[in-house]
Every structure is written in structure tokens, then in C-alpha cells.
Amino acid sequence: MRWAKSQGVKINGVTPAHIPGRGSGMIATRNIEEGEVMITVPLDLMITIDSIPASFIKQFPTGTSIHGILAAFLTEGDHQLLKRWDLWRKVWPSRKDFEDSMPILWPENLRRSNSEFQQIPCEGPFLLPPSASGIWNSFESNLKDRKFESKSQNLLAQQEKRLQDAWRNVLTVFPNMDWDKFSLHWLVLNTRSFYYVKPGQEPPEDWNDAIGLVPFADYFNHSDDADCEVVFDGAKYTFTASRRYEKGEEIFMSYGAHSNDFLFVEYGFFLDQNESDVIFLDDIISNNLSEAEREELASQQGLEDYQLTPSGVCPRTINAACVKYMACKDFQNYVQGRATKAFDTRKTWNIIREWIEIYLQESNTTIEGLESLGAQSEEQDGHKNKVASLRRRWEQIRVMCQNALDKINATQLEARANIKQASYT
């Protein structure tokens, strides 16, 4: 804190603290009123692509990610220039911290996925959720070679590609760079960066490159509905209380509305309660559609992005169920909002129920595998907590599926009751 203040950071009523079971976080040192500015961090203290000498940047091949260049600079950059941030860097997570929490550094038997960088044959059991791994245990997709465009799926494969592409380009400039140090800095940037685009410039094509490290403010932990307003005005980052905080209360900021699978892969944690959580039914639904049905859906709303959230299934999923039984013209009228007479509540929810039951079976199958692995991991140092994290995530998925099925059953019971009442009347 003394270093941060000496470098121009303004700190008002907050301090970093140890949070039992969750590492570090930011807490209130006194009562903080709504609207109070808690922290400001000047731009010139941030580590961004604009704080790196142009001569360093020019060495890299065209197409090298900003993320990769920043990681290379933290590893092999000018030591005198980096010296300014030495005290701050000493409190960054260690590689061991990342190995414990980030699936990308886990043993391959725990992180099997459809990534092209997996070194062993891709055989089950697959322990990461399908949104992260892209692979299933309980059913075999007939669309194995289909690539999703969504940034919300195949998360581990996307992350590994970003890292390996950066590493390949960096090696052309620093062929003797240490992998452990580079990947540590890449992960520090991946997990601790804030949004940064130089004032007046267009955002980069890849949003992963709109990044900058913000000293001291990186102690804030994530909450989906955090009461902290975060603003970058081109000169400084400002963190303002959006409600009153009591002395000793932890203060969160939001990293964005992300699913637990995204948080797990990208940051190495996930939330017990997350209103932005989502699992995707894309593989299951696409597996169940005929070519004609896929074409019809593609022409009306596009394929993919069939979501199951804590509040239920999305409208796209309902439309996908409707295409299974509606005549082509009826479906088009329904999707375009011109007529709903062809909609059949019973048929629609019966189809959706079958899709969710497949995901529920996947969670049951994987949890059984994790229970067996958990007994083995008692004898394997460092793996017990990883297996426990995987199981906790799958338990969340199972609950989400079961809750959705309960809602469907309640909807159908209500519909039958209404029919009976209408008939009686």
C-alpha cells in the first residue's frame, strides 16, 4: 500500500486482506458511503502495450498478440524499466497457485478436451464440463467435426490456442525463453488484467488483447452483481462504491457476466451462486435435428447458442423444439411472431425435457467417475482439491438440470389443470 500510494494511487477506506478459503480480497477499513471513490489508479502506473518500448514490440512477427508481447516483456523486458513494479510483482500469484487452480496447467487426465494441443489420445473419462472440454461421456455426437463459433464453448481449446500461438511467436524473438516464466506471466495477464484501449484508438480485433494491468486494484474479487462502479476515463481507473459498505465487509467488482465454466477455465475459480451461469444444449439439440430441421432453424434464427440458465431454457431452445413438430409454414409464422396457433405446450416441453435429461445423465455419469477418482486422489498429492472442484462444478450442473426439469413438470401440470378447468367450465 505504501508503494502504491507513492506511485500516485489514491486509496480511501479500503485495504487488501486475507479472505479465508479464497486468498486475498479488498475489504472496507471503515464505513463507506454510496458514491464514495475508494481507489483511483493513474494510467502511467498501469502496465499496457503503450508502456512498452516500441523497439521491443517491433521485434515480434505480425499477428503476435498483445497478450503474448506483454507476457514476453514481463519475462525478458528491460529490468531497469520493470524495476518500478518489483514490489507489486512480488505479491502476484505463483506458478504453483495457477497449477492448483487453472485447468490449463492440470495433468492431462484431469483436463482432457478437444484441444489440438493435448498430448495423449483423447479418451475418456472427460472430467471438465462440455462447455470447457467440447467432449461428452454419456452420448456420442454425430457431429464430432463440427466447430462451434461461440466464444462460450470449447473454452479450454480456445485458451490453449491463444497461449500456444503467443509462445510460438515469442520463440522467434527469444528462442531460449523459459516456458514456466512466460506461461506464468501470460496467466497473470489473463487473470488480473482490466480492459484497456488507448484513448482515441479502435478496440483490437481480439478482445483478449484489450488488456492492461492495474496495480493495487487487482485485489478486488469477482461478484456477478458487485456494487462497485469501475470507470476508465483515459487518464485513470476509478472505483466507486455503488452502495453503503460496513467496516470489515468485502468489496467486490464484476469481471463481467460470465458462466461458471468460463470463470473456471479463464480465472481458476467459479461462484457458488451465479445468475449468469449457463450450460449449452448445442451438441444435444444438433444431434437430434434432421438436416432439413437444421436448415430451417439456420434460416430463421441461426444454429447454436441453445442455453439452459438458472431461470430456465432460452427462447432459441423453445424454437428448436418447435421445429421438430411444426409444419414449415407454421414454424416460420411462429418464429416471426405472426401466429402461435401451431404451438403445442405438451409436445414442446416433452422434447426439451428429453434434451435436458441427456445433460442430467452426463452429470450423473461424470460425478460417478469423479467419485472413483476422488478415492484414488487421496494418495496423489495436489490432485484431491482439483477433483473436488470438478465435482462441485458438476453438482451445480446437475442441480441446474434438475431444477429445469422440475419447472417443466410444474408447467405441464399447470397446463393440464387449466385444460380441465376450461372443460369443466
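The model is predicted; local features need pLDDT of at least 70 and side-chain atom pairs count only at pLDDT 80 or more, whereas totals for chains, interfaces and linings use all residues. Residues are numbered from 1 along each chain as its sequence is written, and side-chain values use heavy atoms, with hydrogens and water left out.

The secondary structure of the chain amounts to 16 helices and 13 strands, where helices (H or I, at least four residues) and strands (E, at least two) are DSSP runs numbered from the N terminus. The chain is as compact as a globular protein of 425 residues, because its radius of gyration of 25 Å is close to the 22 Å given by the globule rule. That radius is taken over C-alpha atoms, and the rule is 2.2 Å times the number of residues to the power 0.38. Along the principal axes, the C-alpha atoms fill a box of roughly 80 × 55 × 50 Å.

Of the 425 residues, 50% count as buried, that is, under 20% relative accessible area (1.4 Å probe, protein chains only). Among contacts with a separation of 6 or more, 67% link residues 24 or more positions apart; a contact means heavy atoms within 4.5 Å. The chain exposes about 20,800 Å², of which carbon and sulfur atoms supply 49%, as given by the Shrake-Rupley method with a 1.4 Å probe.

Strand pairing was assigned where DSSP finds at least two bridges between two strands. An open sheet of 4 strands has the order S2-S3-S10-S7 and mixed pairing. Strand S2 (14-19) and strand S7 (221-222) stand at its edges with a single partner strand each, so one side of each lacks a neighbour in the sheet. Within this sheet, strand S3 (residues 23-28) runs antiparallel to strand S10 (residues 250-253), to which 2 bridges join it; Met-26 stands opposite Ile-251 in S10.

A further open sheet consists of 3 strands in the order S11-S12-S13, with antiparallel pairing. Its edge strands, S11 (279-280) and S13 (312-313), each pair on one side only. S11 is joined by 2 bridges to strand S12 (residues 307-309), and Ile-279 lies opposite Leu-308 in S12.

Strand S4 (residues 37-42) is largely enclosed by the rest of the structure, because 5 of its 6 residues are buried. S4 runs antiparallel to strand S1 (residues 10-11), with 2 bridges, and antiparallel to strand S9 (residues 236-241), with 5 bridges. Thr-40 of S4 is the bridge partner of Lys-10, and the bridge partner of Thr-40 in S9 is Thr-238.
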